[in-house]
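Dear colleague,

Please find below the structure I would like to hand over to you.

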Amino acid sequence: MTIPAELEPSIPPWATMGEPRRAHVRRVAELMHGWAVTMDLPAAERSRWLRAAWLHDALRDAEPTELATWADGMQGPVALLHGPAAARRAEAEGFADRGVLDAVRYHSVGAPDWEPVGRALYCADLLEPGRRFDQAARAELAERFPREPEQVFREVVSRRLLHLVRSGWPLPDATARMWNALVASSSR
Ligand SMILES: [Fe+2]
Ligand SMILES: [Fe+2]
């Protein structure tokens with residue numbers, strides 16, 4: 001869904017992203033905007049969802065030294081550092097919305113106590129239509145999200161967990177805690 005110009009805080013001027021990354025971020029923003037409109041969210045919340053989308057990969061293509069500067073001494077691959085670094089950079093610019101910052105900070109690994117904006121970003125990052133794998137299944141999940149955000153979030157988390165396990169990668173602590181919180185909430 002096309003985003004009206006008045007709703008666009010857009011990609012921050014300090015972002016370091018190549019053109020393919022900018023196109024990905026725009027698709028994530030358009031998907032989240034479409035969901036927010038379909039869900040009839042208040043304008044302020046729609047704007048928060050867009051802000052999270054525009055910010056989330058702002059430093060994804062930054063040089064290692066720039067990432068290290070903003071990642072507060074964290075070590076690890078770019079895939080894990082760019083969320084925390086973008087959140088810190090946005091804070092340094094005076095941005096103080098904790099829910100949006102946490103959405104950005106943890107978008108690669110997940111968080112057990114996210115606001116809806118964090119859950120929506122986590123889902124949109126995987127479900128945006130530009131990714132090549134599982135296109136039909138992901139499109140179906142994207143279409144369902146506005147009606148069943150909790151169920152789709154759970155499905156997206158389980159897909160990403162399975163992918164990590166099958167790839168033989170270590171499970172980040174935050175990812176395990178997010179999954180355990182979901183299991184606990186659904187068994188109550
Ligand atoms: Fe990312
Ligand atoms: Fe992304």
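In this predicted model, the four donor atoms around the iron ion (ligand 2) subtend angles of 84 to 175°, and the arrangement is therefore irregular. A tetrahedral assignment would require all angles to lie between 85 and 135 degrees. The donors are H24 (NE2), H56 (NE2), D57 (OD) and D125 (OD), at 2.2 Å. Along the chain they follow the spacing H-x31-H-D-x67-D.

H56 and D57 are each buried.

Leaving aside residues up to four places away in sequence, D125 touches H24, V28, H56, D57, H107, R131 and R160.

Helix α6 comprises residues 116–127. From first C-alpha to last, the 12 residues of α6 reach 16 Å, close to the 16 Å expected at 1.5 Å a residue. Since 11 of these 12 residues are buried, α6 is largely enclosed by the rest of the structure. Among the buried residues of α6 are R119, Y122, C123 and D125. The elements that cover the buried residues include α1 (19–38), α2 (43–56), α5 (98–105), α7 (135–144), α8 (149–167) and α9 (173–186).

With kind regards

Notes. Residues are numbered from 1 along each chain as its sequence is written. Chains are lettered from A and ligands numbered from 1 in the order in which they are written. This is a predicted model: local features need pLDDT of at least 70, side-chain atom pairs count only at pLDDT 80 or more; totals for chains, interfaces and linings use all residues. Side-chain values use heavy atoms; hydrogens and water are left out. Donors are N, O and S atoms within 2.8 Å of the metal (3.2 Å for Na, K and Ca); water is not among the atoms, so sites may look incomplete. Four donors count as tetrahedral if all angles lie between 85 and 135 degrees; four count as square planar and six as octahedral if opposite donors are over 155 degrees apart and all others between 65 and 115; anything else is irregular. Buried means under 20% relative accessible area, exposed over 50%, partly exposed in between (1.4 Å probe, protein chains only). Helices (H or I, at least four residues) and strands (E, at least two) are DSSP runs, numbered from the N terminus. The expected span of a helix is 1.5 Å times one less than its number of residues. Contact means heavy atoms within 4.5 Å.
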